[in-house]
Amino acid sequence: MKVFVTGVGGQLGHDIVNELERRGNQSIGSDIQENYSGVADGTAVTIVPYVQLDITDREVVQKAIVDLQPDVIIHCAAWTAVDAAEDEENRPKVDAINHLGTRYIAEAAKAVDAKMVYISTDYVFDGQGERPWEPDDKCFSPLNVYGQSKLDGEQAVSNILEKFFIVRIAWVFGLNGKNFIKTMINVGKAHDTVRVVNDQIGTPTYTYDLARLLVDMIETDKYGYYHATNEGSYISWYDFCREFYKQYGLETKIIPVTTAEYGLSKAARPFNSRLDKAKLVTAGFKPLPTWQDAVSRYLKEAQL
């Protein structure tokens with residue numbers, strides 16, 4: 001199987017390419033940078049072909065994918081700077097990447113009759129209430145520019161293709177790039193106390209585990225919408241931080257605060273990031289391990 005992966009310079013794309021190679025698939029990575037910029041963490045099985053690609057250029061996207069003729073496209077590339085997306089000067093770029101770029105990828109997938117995986121987010125929902133969001137829920141109304149752009153991307157994919165997987169994730173962490181665990185451990189090493197919000201509820205997603213699931217998915221024709229985070233109880237960012245500080249051995253005091261008390265975010269954040277993942281089991285896919293187990297494995301791999 002030949003698989004084209006966008007956004008390989010990020011946390012998830014990096015792990016997907018490695019998982020594909022482990023299983024003997026032919027993978028081609030792409031990103032906006034001239035050369036691949038992944039971490040030198042020793043996890044790469046082999047050096048895969050790399051294509052520099054600006055997904056906001058429709059003709060370039062079409063030519064690249066038609067030339068490569070992949071069987072599957074896994075689309076990880078995205079604008080993910082949630083607060084910066086709110087700036088007026090950035091909004092056209094956010095739409096060009098998350099919405100229009102996704103549309104161009106979907107159009108190219110249709111041209112070569114490829115399956116497509118689109119990585120989306122809990123931010124497509126309004127972030128209210130306490131009921132876990134189900135994959136086929138139609139109760140949208142995103143809270144911010146980023147969420148709206150990802151929803152527009154979802155709709156582009158579902159309108160253009162029949163052979164698609166739209167997979168929503170949340171609270172992502174992985175080896176290749178920045179994430180909450182890396183940031184907070186560095187902050188905790190430098191300070192006696194840290195403040196972490198305790199009224200935003202969800203579950204984390206370890207990209208290493210998610211990559212395995214996504215490769216499982218593309219080996220099937222069980223298309224549709226899915227939610228995929230690590231298993232375990234729903235928690236707050238405060239709970240999450242407390243767990244990985246304990247596992248890491250940091251004794252920094254963590255002070256729980258409300259989102260309003262924290263007050264540093266430009267973009268509105270969802271209070272309810274609970275994602276119902278039962279559809280994975282119904283479809284015959286193996287759920288991700290618990291988030292506590294994922295944190296333990298990540299800390300050993302990351303060597304922070």
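Predicted model: local features only at pLDDT ≥ 70, side-chain atom pairs only at ≥ 80, totals over all residues.
Guide: Residues are numbered from 1 along each chain as its sequence is written, and side-chain values use heavy atoms, with hydrogens and water left out.

Visitor: Why is α1 called oblique to α6?

Guide: Helix α1 (residues 11–22) and helix α6 (residues 207–218) pack at about 55°. Angles under 35 degrees count as roughly parallel, over 145 as roughly antiparallel, 65 to 115 as roughly perpendicular, and the rest as oblique. Therefore α1 is oblique to α6.

Visitor: Which residues of α1 and α6 make the contact?

Guide: Contact means heavy atoms within 4.5 Å. Among them are Leu12, Ile16 and Leu20 of α1, and Leu210, Leu214 and Ile218 of α6.

Visitor: What makes α6 mostly covered?

Guide: Ten of its twelve residues are buried, where buried means under 20% relative accessible area, exposed over 50%, and partly exposed in between (1.4 Å probe, protein chains only). Asp209, Leu213 and Met217 are among the buried residues of α6.

Visitor: Why is Leu304 called neither buried nor exposed?

Guide: Leu304 has a relative accessible area of 29%, so Leu304 is partly exposed.

Visitor: Where is Leu304 found?

Guide: Leu304 is in the segment after α10 (291–302). Leu304 and Ile185 are 119 residues apart in sequence and 7.9 Å apart in space, C-alpha to C-alpha. Leaving aside neighbours within four places in sequence, Leu304 is in contact with residues including Ile185, Lys189 and Tyr248.

Key:
Axes fitted to C-alpha atoms, helices over the stretch in contact; angles between N-to-C directions. Helix = DSSP H or I, 4+ residues; strand = E, 2+ residues; numbered from the N terminus.
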